[in-house]
Amino acid sequence: GRLPDVIVELLSPTTKHKDRTEKRDLYAQVFRTAEYFMYDPDARQLEGLRLAGGLIGRSSQMRTGGSGVNSSRCSLALGTASSRDGRESGAVSTVPM
């Protein structure tokens, strides 16, 4: 079967270390996933990682209020959304580029 080109992961306190280490390495070395995005709702932080030369490295990092990160593989911009009253909701939204 076909393996994913892009993975978006929602981090939790109990698995975030494994997501940032073991799963990142699995996606790079076994799946050869081109892009791996992680959203930490506690820190309200979105990170994007890209595969380069067999290793996944940080492509960009965004904190709440930033411009977000872009996926070149599926033409998406990933960022956080605000609620109707303007407060940060902590959700990740996708917007076609």
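This short talk walks through the aromatic residues, a hairpin and the nonpolar cores of one predicted model.

Before I start, please keep in mind that this is a predicted model, in which local features need pLDDT of at least 70 and side-chain atom pairs count only at pLDDT 80 or more, while totals for chains, interfaces and linings use all residues. Residues are numbered from 1 along each chain as its sequence is written, and side-chain values use heavy atoms, with hydrogens and water left out.

Let me begin with the aromatic rings. A pair of aromatic rings is described by the distance of the centres and the angle of the planes. Here, rings of Phe, Tyr and Trp (its six-membered ring) pair if their centres lie within 6.5 Å, and planes under 30 degrees apart count as stacked, over 60 as edge-to-face and the rest as tilted. How many aromatic pairs does a search of the whole structure find? The search finds two. In one of these, the ring centres of Tyr27 and Phe31 are 5.5 Å apart and the planes stand at 35°, so the pair is tilted. Both residues belong to helix 1 (residues 16-31), and because they are four residues apart there, about one helical turn separates them. Helices (H or I, at least four residues) and strands (E, at least two) are DSSP runs, numbered from the N terminus.

Is Tyr27 buried or exposed? Tyr27 is buried, with a relative accessible area of 9%, and Phe31, at 26%, counts as partly exposed; buried means under 20% relative accessible area, exposed over 50%, and partly exposed in between, with a 1.4 Å probe and protein chains only. Tyr27 also forms an edge-to-face pair with Tyr36, at 4.9 Å centre to centre and with 80° between the planes, and Tyr36 is buried as well.

Strand 2 (residues 35-40) and strand 3 (residues 45-52) run antiparallel and are joined by six bridges, where two strands pair if DSSP finds at least two bridges between them. Leu49 in strand 3 is the bridge partner of Tyr36. Arg44 is partly exposed, at 35% relative accessibility. A positive phi, near 60°, also occurs at Arg32, which sits in the loop between helix 1 and strand 2 and is partly exposed at 46%. For background, most residues other than glycine have a negative phi.

Which residues make up the largest nonpolar core? There are six: Ile7, Leu11, Tyr27, Tyr36, Met38 and Leu49. By a nonpolar core I mean a set of buried Ala, Val, Leu, Ile, Met, Phe, Trp, Tyr and Cys residues joined through side-chain atoms within 4.5 Å. A second, separate core has five residues, including Tyr39, Leu46, Val69 and Leu78.

Finally, consider contacts, meaning heavy atoms within 4.5 Å. Leaving aside neighbours within four places in sequence, Met38 contacts several residues, among them Glu9, Leu11, Asp19 and Leu49. Lys16, in helix 1, touches Leu11, Asp40 and Asp42, not counting residues up to four places away in sequence. Lys16 and Met38 are 22 residues apart in sequence, and their C-alpha atoms are 9.1 Å apart in space.
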